[in-house]
Amino acid sequence: MTPGTDLLLLAVIGIDLFIASSSRLRARIQACALQGLALAALPLAVEGTGVLSASGRVVHVVLAVTATLLLKAWAIPLALTRAMHRSGVRREVEPFVSLHLSLLLTAGLVGLAFWIGTAVLPRLPGVSPLGIPAGLATLLVGLYLTMSGRTALTQVIGYLVLENGVFIIGQMLLGEFPLVVELGVLLDVLVAVMLMAVLVASGQGIATVREDHGSGDAPLDAPRGAA
Amino acid sequence: MTAVMWANLAALVLLLTAFLAPLALWRRPGAARLAGALLTLAGCAVGVAASVTALVLGQGGTITSLWRTPLGPLTLALDGLSAFFLMCVHLVGGLGALFGFGYVARLRGHLGSPAVAAWVPLLIATMAVVVLAGDVLTFLLAWELMTLASFFLVTAEGQASGRPGLVYLLASQLGVAALFVLFLILAAHGDGTGFDAIRAASAPGAATAAACFVLAVIGFGTKAGFWPLHVWLPEAHPAAPSHVSAIMSGVMIKMGIYGLLRVLTFLGTPPAWWGLFLLGIGAVSGVGGVLHALAQHDLKRLLAYHSVENLGIIALGLGLGLLGMSQGNGPVAALGFAGALLHVLNHGLFKGLLFQGAGAVFAATGTRDFDELGGLARRMPVTGTSFLAGSAAITGLPPFNGFVSEFLIFLGAFAGATTLPPSLRLWALAVLPILALIGGLAAACFVKAFGITFLGEPRSTRAAQARESGRAMPVAMAVGALACLGIGLWPLPIVHLATRATDVLGVSGTLPPQALAALALVPWIAAALIGSILALALIRRALLAGRDVRRTATWGCGYEAPTPRMQYTAPSFADPVLTPAHFLLDAHHDDVAAQGPFPVRAVHRHHLGDRAADRFWRPLVRATIRLFERIARLERGDVPSYLVYVLLTLVALLLWQGGIP
């Protein structure tokens with residue numbers, strides 16, 4: 001436990017709010033990469049530098065950090081950027097919820113997460129008081145982004161943020177995942193994002209994942225919502 | 001394993017073969033039909049023999065399957081109660097199958113497919129398994145199979161029977177939902193799903209027992225057609241082929257009575273209100289059923305409402321039995337239960353007969369509408385005579401069987417009114433006028449049904465050209481009529497068989513000696529009745545001897561040239577009886593009054609709605625549909641909406657975990 005942990009967690013929450021309030025997709029992807037970077041640094045900050053001297057843990061920590069860094073800060077943002085270029089959509093146009101309201105709502109979600117994480121859940125010894133709230137906040141904001149996004153890319157980004165929230169909660173509660181589990185989760189995320197990137201890139205105009213699904217997974221009768 | 005169990009198993013195997021054999025012989029429909037009918041008859045004959053033997057010798061037995069389900073093996077168990085119902089199933093089922101053999105051949109073009117007749121033996125077999133079931137799983141399996149087999153039979157006439165079939169299936173599923181809950185409670189209480197295990201466990205507490213009783217009345221009452229759960233009967237019976245109506249109304253709805261009795265054996269000594277509850281149901285079903293029957297224009301719909309009435313009579317008997325049991329009053333309990341059980345058999349026989357008569361009329365004329373029938377007694381003598389016998393039996397007239405069972409219930413009510421504790425006497429006493437009212441109204445109704453259908457002049461050319469068809473149908477009806485007459489003439493043996501069944505209920509099985517003495521008088525009364533009728537006929541003959549006797553149409557106000565249109569119609573029979581009861585009924589008149597000295601046109605139409613259906617079930621079903629439509633609006637078909645639900649659920653869960661309501 002180091003002061004670095006709290007700083008990293010605060011940064012993660014800040015990035016959540018930034019993503020929710022930004023309309024440019026490129027900025028969202030970059031913020032996402034930045035969040036990946038912060039997450040990659042999180043194990044190091046939690047364990048402190050002392051871990052590097054403990055022989056058994058080194059391999060684990062280094063592997064996990066490297067994998068997170070490679071995937072979340074480099075490979076996935078790269079794939080998303082490419083998909084964005086191919087689909088030709090640069091901005092979140094006509095969002096369901098206006099950006100100002102989005103910011104307010106996400107701030108509310110962050111507040112809820114903090115209230116739950118501090119007032120409701122028991123305080124865990126040896127865990128940063130920010131840990132659970134930050135994880136919950138990221139999870140809720142990610143879910144909100146997936147839900148409110150009109151473009152497919154925003155939904156993918158929301159999914160990534162949600163996944164990051166799960167990662168933080170896990171990191172805070174368990175201290176560490178078994179290596180296999182950690183790598184497996186990362187692989188899952190990678191495959192899912194690649195798949196979605198391909199879908200986004202193959203669409204034209206404001207192609208959304210929703211519409212791509214719509215062809216194969218059409219509801220039984222005419223959609224009743226304002227889709 | 002005893003010999004009777006082997007015989008019962010053989011009957012089941014024969015019936016299942018009868019179900020499968022026509023499928024194997026599908027290339028030769030004639031042979032398939034014959035094989036199916038013969039095997040069914042053989043199975044039913046073996047079944048009747050086995051169940052009567054079991055009743056007479058007081059034998060029982062169990063068979064346990066080698067194959068074990070997770071809830072234990074499937075069990076068949078035979079005791080007095082199941083043996084009595086088994087006898088009814090095979091007797092009425094066999095007569096229905098015999099009738100159906102001729103009926104299906106006659107109506108080959110009308111039925112969707114003759115192959116549908118193959119479901120009849122399966123229906124009989126599943127009913128037999130229902131009464132033989134020795135554990136919850138076997139019972140529910142057979143119960144559901146029975147529902148399915150009868151559903152396919154109800155929908156046999158194709159498109160037009162779709163809605164009645166659906167109503168029937170929905171009602172059955174509603175009922176079986178209550179049964180599942182009931183048996184879950186019983187099995188949890190009894191530490192096992194075997195009926196023996198449930199019975200061996202100490203009787204459940206008062207609240208549990210009351211819940212079980214109410215669930216049983218709802219679940220089994222749906223099958224039995226208790227008011228207001230009867231709404232499927234007037235829909236399904238007219239839609240089904242007639243021999244199927246005969247079997248369904250004759251025995252299948254009695255499976256509800258059997259289930260109710262079987263569950264009562266698990267619940268220990270009943271409190272008095274159970275008896276009063278059933279008395280109330282019986283009174284409402286009986287009077288409501290017969291009043292609605294009076295107003296019907298369709299012969300089979302009329303008969304369907306009479307099933308409601310007769311199940312009401314059975315419920316009155318059961319209610320008296322429960323009252324007697326609750327007070328430890330053996331004679332009242334024995335009379336009530338024996339009367340109810342005997343009425344199960346009797347109603348099976350005469351209602352089967354009447355539905356077969358309606359089927360024969362339909363096969364000959366192509367209609368069941370009273371406005372197109374008439375004068376059939378001379379054209380179809382066997383059908384007419386049998387229908388008359390059935391009508392006399394259902395109205396409870398001696399010397400037919402309906403009299404005997406209603407007589408037992410009357411005796412039970414008299415015994416209750418004199419020997420029960422003072423607080424309950426009045427209720428037992430109230431049974432007497434209700435039963436008398438039901439009998440009187442039923443008589444009025446069958447004067448109408450028989451008179452309009454079989455007497456007078458034909459109201460359509462189809463009725464004028466009607467004739468008896470085939471041999472199987474008349475034979476089945478004649479056998480049924482003779483059985484009704486036989487039980488009415490010599491009731492004691494059958495009454496003794498019924499008391500074997502009441503033994504299982506924990507009632508001291510013997511009937512009070514006065515009742516037995518009264519029953520012993522029945523043959524003499526019947527003989528006196530028949531003798532006086534014969535004497536009157538002889539006197540008439542003697543008086544008319546040597547005089548000029550002309551046969552002509554029934555006297556109709558002295559018109560010179562009467563036409564069939566000048567006869568009494570069905571509503572003109574019903575209206576005088578129904579008018580005083582209009583405050584109870586939703587009657588709709590559609591009248592165009594005759595005007596002027598030379599009226600050109602006058603119309604009197606009469607239609608009776610069913611309050612239970614129109615005021616209770618229809619609004620309930622509408623509200624349910626509206627509710628589900630509202631819920632279905634949640635299904636929007638796009639991912640973000642579902643994600644909103646996920647987020648809202650997650651937040652709600654977190655808040656709930658946080659102690660926020």
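## Terms and confidence

Helices are DSSP runs of H or I with at least four residues, and they are numbered from the N terminus. The model described here is predicted. Its scores are ipTM 0.71 and pTM 0.77.

For chain B the mean pLDDT is 84, and 96% of the residues in chain B reach 70 or more. Within chain B, confidence is lowest in strand E3 (residues 586–592), where the mean is 75. Confidence in chain B is highest in helix H11 (residues 254–264), at 91.

## Chain A

Chain A has 8 helices and 0 strands. Read from the N terminus, its elements run α-α-α-α-α-α-α-α. Of the 227 residues in chain A, 41% are buried. Taking contacts in chain A between residues at least 6 apart in sequence, 76% join residues at least 24 apart.

A:Val180 lies in helix H7 (residues 179–202) of chain A. Is A:Val180 buried or exposed? A:Val180 has 8 other C-beta atoms within 10 Å, so it is exposed, given that a residue with 12 or fewer counts as exposed. A:Val180 and A:Pro3 are 177 residues apart in sequence, and their C-alpha atoms are 29 Å apart in space.

## Domains of chain B

The domain assignment divides chain B into domain 1 (1–268), domain 2 (272–537) and domain 3 (612–657). Between the C-alpha centres of domain 2 and domain 3 of chain B the distance is 48 Å.

## A helix pair in chain B

Two packed helices are described by the angle between their axes and the distance between the axes. In chain B, helix H16 (residues 381–394) packs with helix H20 (residues 472–489) at an angle of about 30°, and their axes are 9 Å apart. Because of this angle, H16(B) is roughly parallel to H20(B); angles under 35 degrees count as roughly parallel. The crossing of H16(B) and H20(B) is left-handed.

Which residues meet where H16(B) and H20(B) come together? On the side of H16(B) they are B:Val382, B:Thr383, B:Thr385, B:Ser386, B:Ala389, B:Gly390 and B:Ala393. On the side of H20(B) they are B:Pro474, B:Met477, B:Ala478, B:Gly480, B:Ala481, B:Cys484 and B:Leu485.

## Cis peptide bonds in chain B

The peptide bond from B:Trp227 to B:Pro228 is cis, and its omega is near 0°. B:Pro228 sits in the loop between helix H8 (206–224) and helix H9 (233–239) of chain B.

B:Pro398 and B:Pro399 are also joined by a cis peptide bond, with omega about 5°. Where is B:Pro399 placed? B:Pro399 is in the loop between H16 and helix H17 (401–419) of chain B.

Helix H17 of chain B contains B:Val404. B:Val404 has 28 other C-beta atoms within 10 Å, and it is therefore buried, the cut-off for a buried residue being 20 or more.

Leaving aside neighbours within four places in sequence, B:Val404 is in contact with B:Leu342, B:Asn346, B:Ile487, B:Gly488, B:Pro491 and B:Val522. One of these, B:Val522, is 118 residues from B:Val404 along the chain, and the C-alpha atoms of the two are separated by 8.2 Å.

Technical notes: Residues are numbered from 1 along each chain as its sequence is written. Chains are lettered from A and ligands numbered from 1 in the order in which they are written. This is a predicted model: local features need pLDDT of at least 70, side-chain atom pairs count only at pLDDT 80 or more; totals for chains, interfaces and linings use all residues. Domain bounds come from an automatic or database domain assignment. pLDDT is the predictor's confidence in each residue, from 0 to 100. Helices (H or I, at least four residues) and strands (E, at least two) are DSSP runs, numbered from the N terminus. Two residues are in contact if their C-beta atoms, placed from the backbone, lie within 7 Å. Axes are lines fitted to C-alpha atoms, for helices over the stretch in contact, and angles run from 0 to 180 degrees between N-to-C directions. Angles under 35 degrees count as roughly parallel, over 145 as roughly antiparallel, 65 to 115 as roughly perpendicular and the rest as oblique. A crossing is left-handed if the near helix is turned anticlockwise from the far one by less than a right angle, and right-handed if clockwise.
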